[in-house]
Amino acid sequence: MDRPEALEWLADERHEIPAGQEFKAGLFEPADAPGIARLFYAVYGDGYPIDTFYIPDRLIAQHRTGELHSAVARAPRGDIVAHAALFRSSAPNPHLYESGLGLTLPAYRTTMAFYRAYQLTMKLVGRDGVDGIFGEAVCNHTTTQKLSKTSRCIETGLEPALMPAEAYETEQSAQGRVGCMLFARVVNDDRKVLYVPEGYREQLAFMLDGLNLDRELLPSHLGLPGDDGAIQVTRFDFAQVARCIVAAPGRGLSARFRDLEEEMRRFNFALIQVYVDLGQPWAGAMVALLRELGYRLGGFLPIWFGSDGLLMQKHFVDPDLDGLEILSDRGRRLVEMIREDMQRG
């Protein structure tokens, strides 16, 4: 089954889920796959960008391979009224999962359905190949920030103006682009070297505090080779965001980033994000090159590559730091840290 076939099935089925059913939270079972597809269709119609969540066979396959670990709130007749998951996303490290994909049928949003499913996903951290998790909590309200705190994650970065307001039309909760706070938690880890880019020791020390990671911080003095280098670019057209991983260092990346910026501006993209491997001794030189191009600090990404990562980003729109709703003192300090770096020459 492909996406058009799945959407035709869901539309023709006209499946209705009654309000007020009793439910129990449980980890994914193959029999849940059609119910998850119905839930995504009920909440998003045909507009959800990831095909998998409309196609039961793909849901089953991704759980079998470990790409996805879901928990659901399940009614007695098999209806799925809420969903939460850990899933492989942007991180190259297959053992670092994003926490998200949370949604609840409107008639059950005043119940504990989602929270109970979410709690079950947190019990998977440290098992089944899940060494750590990260999440992007929206900053147009503090609800998902509070949820991240309950999972013992802590703030490690900020992504201003990450998501378009159109993503929140149903909730009518955003007038402009929505920023996100990065949260992270690592359970299975060992001692690692972290190469500190010049000018970022204080910021990294702050972001490391509370993560309980064993790191040897070394200065990053190795220069970039003279060749072209290479980056892997992923475009998120709906969000108007490009994400780049530095696959190979090189001074030629300066021209490559300029070309990418020109292209992204033509398509009215809002920002470019770049992930730099802090386990590499050339990390500091790469960050220096990005700073020369106008990229600024986004945050610290524990075990992103297996080794740790640093997020650098460049905005083509107003990041609107003053419009962020921030829950914690640590989060507010991160906002000021990002602001100071944006203002620094």
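How many nonpolar, polar and charged residues does the lining of the largest cavity have? In this predicted model, the lining is made up of 11 nonpolar, 1 polar and 1 charged residues. The structure holds 1 cavity of 30 Å³ or more, and the volume of the largest cavity is about 60 Å³. A total of 13 residues line the largest cavity, and Phe134, Phe183, Ala184, Leu301 and Pro302 are the closest to its centre. Two or more lining residues come from each of strand S5 (132–138), strand S7 (178–186) and S13. The largest share, 5 residues, is that of S7.

The pockets come next. The second largest pocket has a volume of about 240 Å³. Its lining consists of 14 residues, and those nearest the centre of the pocket are Pro197, Glu198, Gly199, Ser220 and Gly284. Sorted by class, the lining of this pocket has 7 nonpolar, 4 polar and 3 charged residues. H8 supplies the largest share of the lining of the second largest pocket, 5 residues.

In soluble globular proteins, nonpolar side chains tend to be buried together. Here the largest nonpolar core has 75 residues, and the members that touch the most others are Phe257, Ile272, Val274, Val276, Met286 and Phe300. The largest share of this core comes from helix H8 (residues 283–292), with 6 residues. Leaving aside residues up to four places away in sequence, Met286 is in contact with Leu224, Val246, Leu253, Phe257 and Val276. Another core lies apart from the largest one. This other core has 30 residues, including Phe28, Tyr54, Leu68 and Tyr108.

The charged side chains remain. Side chains of opposite charge can pair when their charged atoms come close. Across the whole structure, 25 salt bridges are found.

Which parts of the chain does the pair of Asp308 and Arg215 link? The salt bridge between Asp308 and Arg215 has an N to O distance of 2.6 Å. Asp308 sits in the loop between strand S13 (296–301) and strand S14 (309–315), while Arg215 belongs to strand S9 (residues 215–219).

Glu336 and Arg339 form one of them, at 3.3 Å from N to O. Because they are 3 residues apart in helix H9 (residues 329–343), about one helical turn separates Glu336 from Arg339. Glu336 is partly exposed, with a relative accessible area of 32%. Asp128 and Arg127 form a salt bridge in which the closest N and O atoms are 3.8 Å apart. Asp128 counts as partly exposed because its relative accessibility is 48%. Arg127 likewise counts as partly exposed, at 41% relative accessibility.

Note on methods: Residues numbered from 1 in each chain as written. Predicted model: local features only at pLDDT ≥ 70, side-chain atom pairs only at ≥ 80, totals over all residues. Heavy atoms only, no water. Salt bridge = Lys/Arg side-chain N within 4 Å of Asp/Glu carboxyl O. Buried < 20%, exposed > 50% of the residue type's maximum accessible area, 1.4 Å probe, protein only. Helix = DSSP H or I, 4+ residues; strand = E, 2+ residues; numbered from the N terminus. Core = buried A, V, L, I, M, F, W, Y, C linked by side-chain atoms within 4.5 Å. Contact = heavy atoms within 4.5 Å. 1 Å grid on protein atoms, 1.4 Å probe; cavity = no way out; pocket = protein on both sides within 12 Å on 5 of 7 lines; lining within 4 Å. Points joined across faces, edges and corners; volume = space filled by probe spheres on them. Nonpolar A, V, L, I, M, F, W, Y, C, P; charged D, E, K, R; others polar.
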